[in-house]
Amino acid sequence: MIKKGRVKINRFILAVFIPVMGFFTIFGFWPIIYNFYLTFIRTKIVTKGNFAGFNNYIEVFSNPVFRISLRNTILYCIGLVVIGIVTSLIIAVSISKTKGLLKKIFIACYFAPVVTSLVATSIIWKILYYPNSGVINVILNFLHLPMQSFLFDYRIALISILIMDIWKDTGLRTMILLAAIEEIPDTVYEASLIDGANPLQQFFKITVPLLKPQLLFLAVIYTINGVQTFTQVYIMTSPHAGGPGNSTMVLALDMYKKAFGNLRFGYGAVVSVVMLLLLIGFTITQVRSRTEWEW
Amino acid sequence: MKKSKLLRLLVFFIVIIIVVSFNLSGCKKTTTTETAAGETSAAETTSAETTAITTAKLDEFGQPILPEPEKAVTLDMWMQDWTAGLEIVGDIAALIKERHPNININIIPQPYETLNQKFIPAVMAGTEPDIMFGYYGWMTSVDVSELFLKLSPEVVNKEDVNKYVDSIAYLGVIGKSDGELYGVGWGDAGEAWGILVNSDLVKEANININEIKTWDALLTAAKKLTKYDGAGNVTRSGLGLTYSGSSAEIWYDSILQIGGKPFNTDTGEWDFNIPEAKTVTQFWADMVLKDKIDDPKIGLAYDNFPKGLCAMFMVGPWAVGAMNVDYPELNVDYILPPPVFPGGQPLYDVPSNAGWVFSTKLEDDKLKAVHIIARELMLNPKVDSIKLEKWAGAIQNKKLIEMLKSGEVVIEGKNVDLAKIIDEFITPFTKSMTLGSKVDRDYITNSVYYPEIEKIWGGTQSVDEALMNITNAANETESGVAE
């Protein structure tokens, strides 16, 4: 008979759990707490900081560069999620129609960029985008199309980086969706054929609805990636990171430059709080919206 | 185990970890001010011993002899991975090793951005190397006496520095806290902005760069060197303006040179909405928008130059050495820029905006070694000659040396003595930059000004809007920098 309130605990699990909890507390939970503390402090870390109340928040939200970075980050997220998922879905559906060696070749080709390092990919694409001498412009010139400045044109610099980002992870998204597509029983499609559905109707009425869990998963993951965008922007726009004219400035880069470039840790902490709230907001919205998708 | 007891144990454990972490994260480097009363630091003890032992003996520089390390020591040094700079430091390390066999310097190259980001945090975390190369713009908002090893009086008395090093300006940065010396300048005289020239392209265009004595003449040459496509877009820039570190700082220096005072030391506020700033900014904008001698959309000047897509660009003389090392097949030349505005002065930058600093953790033989290294860097003219070969600064600028030798510029004293240039041009700039402002010039020029001029060049904003934005950003940062 188990006494009321007494729970039997496996000591082995406890022994394993405590170090993990400790690790998370030190490297996960504590930095978040300390970061919130920093948002109320003016500090250069060299000396003990002064309590600044909400001044850091006021400064951040009134800073035009921050507002630009917030706008760019939101647009980047939307682009990465929507365009990334749509293109991957189309590619996954196309690959699912192929078979044998051709299918394997397609999978290998699309997945190859996924396993390359983001830093290396960013450097290569920066070279590809180079005005006049980059490969892309050489091809454009060959086709008698106007050459573009890409990373040096404030109007299209961010889009240029987004294209690279979408290209890089298309393979991963495609594989996830392809695996899900292949799980859909053929009988469903056969039944729809009998009912007179055309391929487009099959796609929108059968394939997409049945892929909702995967689509939601990808939307959440790539929203997180989008908000945390830093490496590709930093490398592809160096030495004027965030340029031209702050047109590629994103939240993570603004935080990094202020905190580590100018020792403005309070400012950087506020930007990171904004990123956290953005992530939470996007994620909750997406998870809640899944109920609206269900049939 | 009861559930409630388990929960209490977990909460207790988490609280302990938080408290311990808080205390660990609050740790700072121990500074001399935290040293307990009655204790003396290792540096002070060594200093006392040094003075006692060597008072009667002077070295070749006229300074008390420093004790040699008793055993061989190796000091780690972070150096910016600029190729010519690494060669210079390597040669200097070899020279020091030759003169002091027990002293070895292990050079660890660091990319500029990496070095910038970890320069101060590494010192705070206690993970800095023994020696660091850094730019003074990274130090203007911090008290260097809390971060780096004090070099005076062991290396040289602060009062005697000017006997050996003719650029006093950097002392305002690396000695700001109490007048003592906390670093050694990379170059010890004035820098000068200049124009790196592709000799082959210039020759092809039949231009004699030595005859360029006015800015109009420079613009004419630049237009002749610029290439355009059928639609009138620049395909090769005649004078590159997109090496931001240079063009942004020239913008700032130009404002000062024509009498502008963007920083008010009384109110502690920046204001770029002044006629001088507008004149200079409009001038800089017109070179792209009206004169069309460059187009930022064709890429960066430094990247385009070796490809023949940029005939000339404004940069410090260090770039000559860098190009010679990285692109030995390229024929380059270097000229000093003429005065920008009629009646204006030649464009001179402030002296030696970089330097060597040393860790406060050093003790015993390593401390002795560092004192010797610092003295060699400051006082040994052979160190300068190493830099001279690699074009590391204005004093190594051969054109400037020729001007000095021909009497076109009269300088008294040794060839490293640029007192006249410093007195007339550089000291006023330095005073305006270091006096009162918590925000360094590098931040104003590279992080604030340069994105704004890019927007002007892109046609998305006017000069007035840009100056307003620069003023606001500078003041926000000035008030936001902690005490």
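Reply: A salt bridge is a side-chain nitrogen of Lys or Arg within 4 Å of a carboxyl oxygen of Asp or Glu. The model is predicted, and a search of the whole structure gives 15 salt bridges over all chains.

Me: What makes B:Glu60 and B:Arg99 a salt bridge?

Reply: Their closest N and O atoms are 2.4 Å apart, and the cut-off is 4 Å. B:Glu60 sits in the loop between helix H2 and strand S1 of chain B and B:Arg99 in helix H3 of chain B, so the pair ties together parts that are 39 residues apart in sequence.

Me: Why is B:Glu60 called exposed?

Reply: Exposed means over 50% relative accessible area. B:Glu60 has 59%, so B:Glu60 counts as exposed. B:Arg99 has 29% and therefore counts as partly exposed, the class between 20% and 50%.

Me: What makes B:Asp130 and B:Lys366 a salt bridge?

Reply: The distance from N to O is 3.4 Å, to be set against the limit of 4 Å. This pair links distant parts of the chain, 236 residues apart: B:Asp130 is in the loop between helix H4 and strand S3 of chain B, and B:Lys366 is in helix H13 of chain B.

Me: Is B:Asp130 buried or exposed?

Reply: Buried means under 20% relative accessible area. B:Asp130 is at 11%, so B:Asp130 counts as buried.

Me: Why are B:Lys278 and B:Asp464 said to tie parts of the chain together?

Reply: Their side chains meet in a salt bridge of 3.2 Å, N to O. B:Lys278 lies in helix H10 and B:Asp464 in helix H18 of chain B, so the pair ties together parts that are 186 residues apart in sequence. B:Lys278 is partly exposed, at 37%, and B:Asp464 is partly exposed at 43%.

Me: How do you know that the buried residues of helix H2 of chain A are on the same side?

Reply: The buried residues there are A:Asn56, A:Tyr57, A:Glu59 and A:Val60.

Me: Why does A:Leu276 count as partly exposed?

Reply: A:Leu276 has 34% relative accessibility, so A:Leu276 counts as partly exposed. A:Leu276 is in helix H13 of chain A, which supplies the largest share of a nonpolar surface patch, four residues.

Technical notes: Residues numbered from 1 in each chain as written. Chains lettered and ligands numbered in written order. Predicted model: local features only at pLDDT ≥ 70, side-chain atom pairs only at ≥ 80, totals over all residues. Heavy atoms only, no water. Buried < 20%, exposed > 50% of the residue type's maximum accessible area, 1.4 Å probe, protein only. Helix = DSSP H or I, 4+ residues; strand = E, 2+ residues; numbered from the N terminus.
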